[in-house]
Amino acid sequence: MNAVCVFITGVNRILFVIAAAAIFAVVPMLLYEVVARYAFDAPTVWAMEASTLVFGPHFMLAGPYLLHLKGHVAVDIFSAKLSGVPHVLAGIFTHLVVAVFAGVFAVVSWPLAMNAYGMGETSFSAWNPPIWWLKFIVPLAFAMLFAQALVEIVQAARGKDTNEIGADA
């Protein structure tokens with residue numbers, strides 16, 4: 001079981017690093033757009049849309065590992081005061097809610113991605129790139145969030161302190 005938990009967290013870490021690296025593509029795109037627009041009076045039709053298309057996957061793919069790092073916004077006015085078994089049960093309950101939420105979104109978003117693929121969906125802009133493949137990032141990200149939430153439940157049930165950033169991966 002530990003190997004599965006480490007594997008899931010490791011995959012999420014790789015997706016996190018890919019998402020972090022992808023954001024570095026946005027800066028040159030927007031820089032090119034600004035220079036083309038203001039220095040040469042020749043704006044692009046693709047730069048703003050391309051940067052937007054990178055931001056979506058960036059946030060979606062970073063989310064599961066961010067759950068592991070405890071990097072999401074949390075209102076812990078009650079759980080911070082708990083210790084021992086009540087603290088563990090609160091953590092299990094919280095991650096169970098996340099798992100249900102992510103599982104439902106993964107299942108519901110899969111047919112939407114398949115439909116976008118079937119239609120060969122594009123953005124309908126002046127540039128009009130194919131965007132159907134981006135729709136598959138949504139069920140992938142939520143499936144990985146579901147899996148990571150289950151990992152956090154297992155680790156909490158084992159009494160393992162996952163409050164340390166980067167624990168187990």
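These are my notebook entries on a predicted model of one protein.

**Ground rules.** I number residues from 1 along each chain as its sequence is written, and my side-chain values use heavy atoms, with hydrogens and water left out. Because the model is predicted, local features need pLDDT of at least 70 and side-chain atom pairs count only at pLDDT 80 or more, while totals for chains, interfaces and linings use all residues.

**Helices.** I looked up the secondary structure and found five helices and zero strands. Here helices (H or I, at least four residues) and strands (E, at least two) are DSSP runs, numbered from the N terminus.

**Overall shape.** I noted a radius of gyration of 20 Å for the protein, whereas a compact globule of 169 residues would have one near 15 Å. That radius is taken over C-alpha atoms, and the globule rule is 2.2 Å times the number of residues to the power 0.38. Along the principal axes, the C-alpha atoms fill a box of roughly 65 × 35 × 30 Å.

**A look at Thr-122.** I found Thr-122 in the loop between helix 4 (85-119) and helix 5 (137-157). Leaving aside neighbours within four places in sequence, Thr-122 is in contact with Asn-128, Pro-129, Pro-130 and Ile-131.

Notes:
Contact means heavy atoms within 4.5 Å.
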